[in-house]
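Please read the points below with the model open beside you.

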Amino acid sequence: MTAPRTPRKAFGRLSLPERTYIADALRTETVGGVLLLVAAIAALVWANIPALHGSYESVSHFHFGPAALGLNLSVAHWAADGLLAVFFFVAGIELKRELVAGDLKDPKAAALPVVAALCGMAVPAVVYTVTNTAGGGSLAGWAVPTATDIAFALAVLAVIGTSLPSALRAFLLTLAVVDDLFAILIIAVFFTDGLNFAALGGAVVGLVVFWLLLRKGVRGWYVYVPLGLVIWGLMYNSGVHATIAGVAMGLMLRCHTREGEDHSPGEHIEHLVRPLSAGLAVPLFALFSAGVAISGGALADVFTKPETLGVVLGLVLGKTLGIFGGTWLTSRFTRASLSDDLQWADVFAVATLAGIGFTVSLLIGELAFENDAALTDEVKAAVLCGSLIAAALATVLLKIRNAKYRGMVAEEERDDDLSGVPDVYEEDDPAYHLRVAAVYEKKAAEHRRIAEEMESARLAEVAGGAGDEGDGPA
């Protein structure tokens, strides 16, 4: 007879290495998200103060770069095509790591975030399409509300002080990684116009050289950075969006450890480049992309024009219903039960939080309506409004269960034996229980000593008091 299989838990406890990696990655993303918020607010202030608006436009449209190489671009263009290549490079490494060492390595574990991410992209696209078909709007922006901005979402969590359990945070991060992958495919397939096959061939040759150097174990930033810049420049001139070069190079890095290695090359490079991406590249992109004119009339247009209304509804309703529905269906048909400490309301709240679409949504909005500057700005305003509404709804939903989350996080981090490893990962180790016993025995001995000293002091005080009464007058 075979033992009955224990039902797999959705959002169950992470392995210790995965938990450590997730914690480090999210810590950097959270800091980057706060900088992203600051940059977005700065852009809105800069663009909407009449005395400063002209300077914002001048700086954004200032061109520089070698024209002979087809790279005489505006500052805003450099931010969108150049700096975001760094962001997508990190996204490529994250995806590669998830595929070889993370949740996506196991098909059963990968099913949940992959299906949730796919539904979380398909439903917003359907919502946008239905809204614009009914309202007679343009269908060109169907992909705008499909992306989740993990940094912005984590910044919201940092601002509202909500401590999500590590399993929900890991789900959010994995969801965003898969989301980024499909956003990259959308950009590559749907936003590539005419192709320059000579430049594209050169980019492919550069990528092959990049891969061969990695295989040969060649090291040195002075080799890879110039080569990466050449690949990026060729990719830009090929007609394929230049950020694809960053993704391709990220996917080529080795993200599994070999004997004698503490970290894989991919993890090491990600650790070095992620602060550059989260702390500089993405905030600068936000600074020169989020500066749209905001007025009462403009905000009213967001909710009346089919293109902008489709973006808002796609982010707020489409994302939430898609991710929650995809998660529920996956759990239903794979017989994976929800973790005992969580409720479906928690999954719904995280799905609402994933409706915050900023960086990639702004980029796709620029690509979708690049020949209509006015509509581009309106779509950007819609992305901002939809993201703010999703953030507000998620804040309310998460705050309701915040006390429960704090208790779960405290339990995850409890370390009674002072080993540096959370107790939940050591409960099956006899040595752990011996260490805990020793800790409590030491505490018990200390309490006994204190009790004995207090009792001795009390008896001495009583004895002293009796003597004083005897010496007094009759």
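1. R332 lies over the face of F333, 5.8 Å from the ring centre. A charge sits over a ring if NZ of Lys or CZ of Arg is within 6 Å of the ring centre and within 35 degrees of the ring normal.

2. A word on the source: this is a predicted model, in which local features need pLDDT of at least 70 and side-chain atom pairs count only at pLDDT 80 or more, while totals for chains, interfaces and linings use all residues. Residues are numbered from 1 along each chain as its sequence is written, and side-chain values use heavy atoms, with hydrogens and water left out.

3. The structure has 14 aromatic pairs. Rings of Phe, Tyr and Trp (its six-membered ring) pair if their centres lie within 6.5 Å; planes under 30 degrees apart count as stacked, over 60 as edge-to-face and the rest as tilted. One of the pairs is W78 with W232, which is stacked, at 5.5 Å centre to centre and 20° between the planes. This pair links distant parts of the chain, since W78 is in helix α3 (residues 75-100) and W232 is in helix α8 (residues 221-238), 154 residues apart. Helices (H or I, at least four residues) and strands (E, at least two) are DSSP runs, numbered from the N terminus.

4. Are W78 and W232 buried or exposed? Both W78 and W232 are buried; the word means under 20% relative accessible area, with exposed over 50% and partly exposed in between (1.4 Å probe, protein chains only). W232 also stacks with Y236, at 5.9 Å centre to centre and 20° between the planes. W232 and Y236 are 4 residues apart in helix α8, so about one helical turn separates them. W232 counts as buried because its relative accessibility is 9%, and Y236 is buried at 18%. Ring pairs join F62, F64, W78, W232 and Y236 into a cluster.

5. How many salt bridges does a search of the whole structure find? The search finds 12, where a salt bridge is a side-chain nitrogen of Lys or Arg within 4 Å of a carboxyl oxygen of Asp or Glu. R254 and E261 form one of them, at 2.9 Å from N to O. R254 is buried, at 17% relative accessibility, whereas E261 is partly exposed, at 25%.

6. E378 and K305 form another salt bridge, at 2.8 Å from N to O. E378 is in helix α15 (residues 373-400) and K305 in the loop between α11 (296-302) and α12 (306-334), so the pair ties together parts 73 residues apart in sequence. K305 is partly exposed, at 30% relative accessibility.

7. In the salt bridge of E366 with K380, the closest N and O atoms are 3.0 Å apart. E366 belongs to helix α14 (residues 359-368) and K380 to helix α15, so this pair ties together parts 14 residues apart in sequence. E366 is buried, with a relative accessible area of 18%, and K380 is buried, with 9%. Salt bridges that share partners also join E94, E270 and R274 into one network.

8. D149 lies in the loop between α4 (107-135) and α5 (150-160). D149 is buried yet has no salt bridge, and R274, the nearest side chain of opposite charge, is 10 Å away. Here Lys and Arg count as positive and Asp and Glu as negative; His and the chain ends are not counted.
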